[in-house]
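Me: I would like to learn how to read a few features of a protein model. Please take them one at a time.

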Amino acid sequence: MVIPLMKQAADEPGTDEPAALRCGAVWADGAACAVEARRALQAFLAYVPCTGRTSVPAPLAIDAELVVSELVTNAIRHAPGPCGMILRLSDEALAITVWDTSAERPVVKERDGQRFGGHGMHVVHTVSADVAVAPLGAGKQITAYLRTAPDVAPDVALDFGTVAVADANPAA
């Protein structure tokens with residue numbers, strides 16, 4: 001069962017920029033499903049214009065669905081127990097964080113047209129501006145950052161901020 005959590009944080013005091021929009025979902029042990037995760041992402045992205053923000057461009061939404069599918073599928077396949085996803089949209093990036101109960105870091109394998117499977121993390125790294133892996137008490141979280149500002153030069157470092165999962169893991 002997915003437990004959706006959606007809210008828009010209050011605007012930062014003293015700035016004209018809206019605060020990041022956040023959404024989360026948590027799945028019990030054995031209940032995670034990549035299709036449900038993609039639906040949660042789609043609902044989140046459909047909600048964005050309701051907040052007065054510009055819609056997320058279709059190519060970014062497609063890349064985000066791919067990232068969500070790969071990260072949640074990896075959590076299902078490689079980590080026993082519950083898992084969750086947090087989506088965070090700012091003016092600079094869409095951050096997709098998936099946490100699970102396995103402390104094992106994901107392996108990015110080189111492309112190999114002869115191998116069946118094992119390409120997910122390579123794909124995530126390819127479509128993302130950055131990917132970060134952080135340990136949690138009883139597992140890890142992986143955050144993929146997809147750039148929302150295409151007019152920014154690739155060599156300009158963007159401050160994506162951090163997405164921290166605090167007490168979200170009921171197994172911890």
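Me: Is Cys83 buried or exposed in this predicted model?

Reply: Burial is judged by relative accessible area, and under 20% counts as buried. Cys83 has 3%, so it is buried.

Me: Which residues have the most contacts inside the largest nonpolar core?

Reply: A core of this kind is a set of buried nonpolar residues joined through side-chain atoms. The largest one here has 33 residues, and Phe44, Leu71, Met85, Leu94 and Ile96 have the most contacts inside it. Among the elements that give it two or more residues are helix H1 (34–47), helix H2 (58–78) and strand E3 (83–89). H2 gives the most, with eight residues.

Me: What is Leu71 in contact with, leaving aside neighbours within four places in sequence?

Reply: Its partners are Ile96, Val98, Met121, Val124, Ile142 and Ala144.

Me: Where is confidence lowest, and where is it highest?

Reply: Confidence is read from pLDDT, on a scale from 0 to 100. Strand E1 (residues 5–8) is lowest, at a mean of 47, and strand E4 (residues 93–100) is highest, at 96. The pLDDT is below 50 over residues 1–12, a stretch with 35 contacts beyond near neighbours in sequence in the model. For the chain, the mean is 79, and 70% of residues reach 70 or more.

Note on methods. Residues are numbered from 1 along each chain as its sequence is written. This is a predicted model: local features need pLDDT of at least 70, side-chain atom pairs count only at pLDDT 80 or more; totals for chains, interfaces and linings use all residues. Side-chain values use heavy atoms; hydrogens and water are left out. Buried means under 20% relative accessible area, exposed over 50%, partly exposed in between (1.4 Å probe, protein chains only). pLDDT is the predictor's confidence in each residue, from 0 to 100. Helices (H or I, at least four residues) and strands (E, at least two) are DSSP runs, numbered from the N terminus. Contact means heavy atoms within 4.5 Å. A nonpolar core is a set of buried Ala, Val, Leu, Ile, Met, Phe, Trp, Tyr and Cys residues joined through side-chain atoms within 4.5 Å.
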